[in-house]
Amino acid sequence: MVFSSLTFLFFFLPLALILYYISPRSIKNVTLLGVSLFFYAWGEPVYIALMIFSALADYIHGRIIGRYREQRPLYAKLGLLSSLVVNLAVLSFFKYADFLIGSVNSLIGTGIEPLELPLPIGISFYTFQTMSYAIDVYRGKVRPQKNIVTFALYVSLFPQLIAGPIVRYEIIEKELMNRTFQLSQFADGVRIFIIGLGKKVLIANTIGQLWASVESQGISDLTVLTAWLGIIAFAFQIYFDFSGYSDMAIGLGLMFGFSFPTNFNYPYIAKNASEFWRRWHITLGSWFRDYVYIPLGGNRKGQLILYRNLFIVWGLTGLWHGASWNYVLWGLYFGVLIGIERAGLLKWLEKLPRFLQHAYLLIIILFSWVLFVFEDIGEGIQYAQVMIGLSGRPLYNTAFLYDVYTNGILLLIAGLLSTPLFKKLWKRCAERSEIVRNEWIQTVLQVLFFLTILFLSTSFLVDDSFNPFLYFRF
């Protein structure tokens with residue numbers, strides 16, 4: 001069940017809110033846990049046992065680590081090691097077993113049959129959350145949670161369960177224990193949720209059809225400009241799909257009394273790869289920084305160790321996204337770029353006009369999405385060759401002109417919404433216009449705006465069956 005579905009919007013969510021708010025305070029966590037387990041079981045009735053096992057395993061490990069951390073640190077360290085082994089073993093088995101089997105078969109010519117296990121939805125997200133909990137207990141940053149229901153709720157909380165953001169235990173520890181209802185917070189949650197819904201349904205789904213159309217033509221039939229148009233469409237699709245889903249998760253969290261961290265901050269306005277990754281999937285980047293990069297030594301042990309750490313972190317970042325070599329190469333692509341920027345390119349870029357810095361970022365990002373979207377690396381290379389004019393294909397044709405004509409306004413809107421322009425314009429109008437400055441008029445305009453987005457999104461969902469969710473694969 002995805003957030004951008006009629007079933008969720010008009011059946012599950014209203015029922016979940018009613019059940020939660022009519023429940024006495026003493027059993028609100030129990031109610032929300034039951035709702036979250038039902039939500040997950042709707043799509044993964046088999047693998048709900050796996051998620052419960054993961055929660056139970058880290059609950060026990062957390063208690064062990066917390067008990068022995070001060071007096072018997074060796075036992076605590078063994079408890080942490082056991083937790084990491086269990087989590088990584090589960091994640092590796094279900095997500096990477098066939099990848100490993102296929103790699104071995106290709107490398108040494110064996111004929112091992114793949115397991116072909118369906119990927120448990122959200123396993124990468126909730127595994128990283130439980131791992132960070134065990135590590136933080138060991139570091140003394142959080143106390144071990146003694147209530148199994150509360151900890152199980154942290155692991156299974158449905159707003160961020162299947163697609164993040166990756167929420168660390170320390171961020172919502174107090175809210176897990178005690179939440180108070182605030183109408184203003186609930187209203188903020190509704191607004192953020194509707195904005196995310198609009199991003200997903202009105203922008204990502206619509207522009208995704210353009211990418212699907214270009215992809216279906218076959219690489220050998222593409223023109224140069226059609227290839228660029230297609231990957232631009234995919235860049236918008238994946239941004240609005242994932243950031244929209246993150247917004248919906250953050251909004252839902254606020255409706256139930258939780259404050260989740262921001263996951264996207266207009267990444268396409270960045271001026272270099274390093275800044276891009278400070279704005280894109282922020283919770284994943286901070287997770288790898290705090291639990292892999294810094295423990296490896298970060299940038300404190302010389303240039304050679306720095307580049308080694310970048311290589312490891314970005315290789316793992318790529319592998320986290322999918323069990324395929326193209327994802328690994330995609331991660332290493334950014335590792336190399338960020339390494340080159342740190343080595344001196346960044347200082348050179350900063351001397352250029354802002355629009356050239358921004359153009360550099362957009363070009364490297366578009367080529368990165370080519371690596372990302374084609375699991376067959378050979379196809380990705382062919383697509384990139386078309387983009388840079390090495391395939392012998394013409395610059396454009398009538399099909400390209402038709403695609404631009406029919407999608408030009410959508411592409412323009414997507415581009416503008418990828419920047420904070422409209423937010424700044426609204427703020428300026430609210431500050432300078434006597435009419436808009438009026439509190440009641442602001443409220444009416446906002447209500448009309450959000451109702452319009454909700455109405456249009458619902459209409460699209462009723463009429464349109466194209467509603468993919470790209471990050472289910474992760």
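This is a predicted model: local features need pLDDT of at least 70, side-chain atom pairs count only at pLDDT 80 or more; totals for chains, interfaces and linings use all residues.
View 1. Residues are numbered from 1 along each chain as its sequence is written, and side-chain values use heavy atoms, with hydrogens and water left out. Arg 168 sits in the loop between α7 (158-161) and α8 (169-177), where helices are DSSP runs (H or I, at least four residues) numbered from the N terminus. Setting aside residues up to four places away in sequence, Arg 168 touches Ser 132, Tyr 154, Ser 286, Trp 287, Arg 289, Asp 290 and Tyr 291, contact being defined as heavy atoms within 4.5 Å. A polar atom of the Arg 168 side chain lies 3.0 Å from the backbone oxygen of Ser 286.

**View 2. The salt-bridge network of Arg 168, Arg 289 and Asp 290.** These three residues, Arg 168, Arg 289 and Asp 290, are linked in a network of salt bridges, each defined by a side-chain nitrogen of Lys or Arg within 4 Å of a carboxyl oxygen of Asp or Glu. Between the side chains of Arg 289 and Asp 290 the N to O distance is 2.8 Å. Asp 290 is buried, with a relative accessible area of 16%, while Arg 289, at 41% relative accessibility, counts as partly exposed.

**View 3. Two further salt bridges.** By the rule used here, the count comes to nine salt bridges. The side chains of Glu 170 and Lys 141 meet in one of them, at 3.3 Å from N to O. This pair links distant parts of the chain, since Glu 170 belongs to helix α8 and Lys 141 to the loop between α5 (123-139) and α6 (148-156), 29 residues apart. Glu 170 is partly exposed at 32% relative accessibility, and Lys 141 is partly exposed with a relative accessible area of 43%. Glu 70 forms a salt bridge with Arg 69, their closest N and O atoms being 2.8 Å apart; here Glu 70 counts as exposed at 60%, whereas Arg 69 is partly exposed at 29%.

**View 4. Trp 369 in the largest nonpolar core.** This core holds 135 residues, of which Phe 8, Trp 369 and Tyr 383 touch the most other members; a nonpolar core is a set of buried Ala, Val, Leu, Ile, Met, Phe, Trp, Tyr and Cys residues joined through side-chain atoms within 4.5 Å. Helix α10 (residues 224-255) gives the most to this core, with 17 residues. Leaving aside neighbours within four places in sequence, Trp 369 is in contact with several residues, including Ile 231, Phe 234, Ala 235 and Ile 238.

**View 5. The aromatic pair of Trp 211 and Phe 234.** The count of aromatic pairs comes to 66, where rings of Phe, Tyr and Trp (its six-membered ring) pair if their centres lie within 6.5 Å, and planes under 30 degrees apart count as stacked, over 60 as edge-to-face and the rest as tilted. The ring centres of Trp 211 and Phe 234 are 5.7 Å apart and their planes stand at 55°, so this pair is tilted. Because Trp 211 lies in helix α9 (residues 183-216) and Phe 234 in helix α10, the pair ties together parts that are 23 residues apart in sequence. Both Trp 211 and Phe 234 are buried.

Technical notes. Helices (H or I, at least four residues) and strands (E, at least two) are DSSP runs, numbered from the N terminus. A polar contact is a pair of N or O atoms within 3.5 Å; within protein, one must be able to donate a hydrogen and the other to accept it, and residues adjacent in sequence count only if both atoms are side-chain atoms. Buried means under 20% relative accessible area, exposed over 50%, partly exposed in between (1.4 Å probe, protein chains only).
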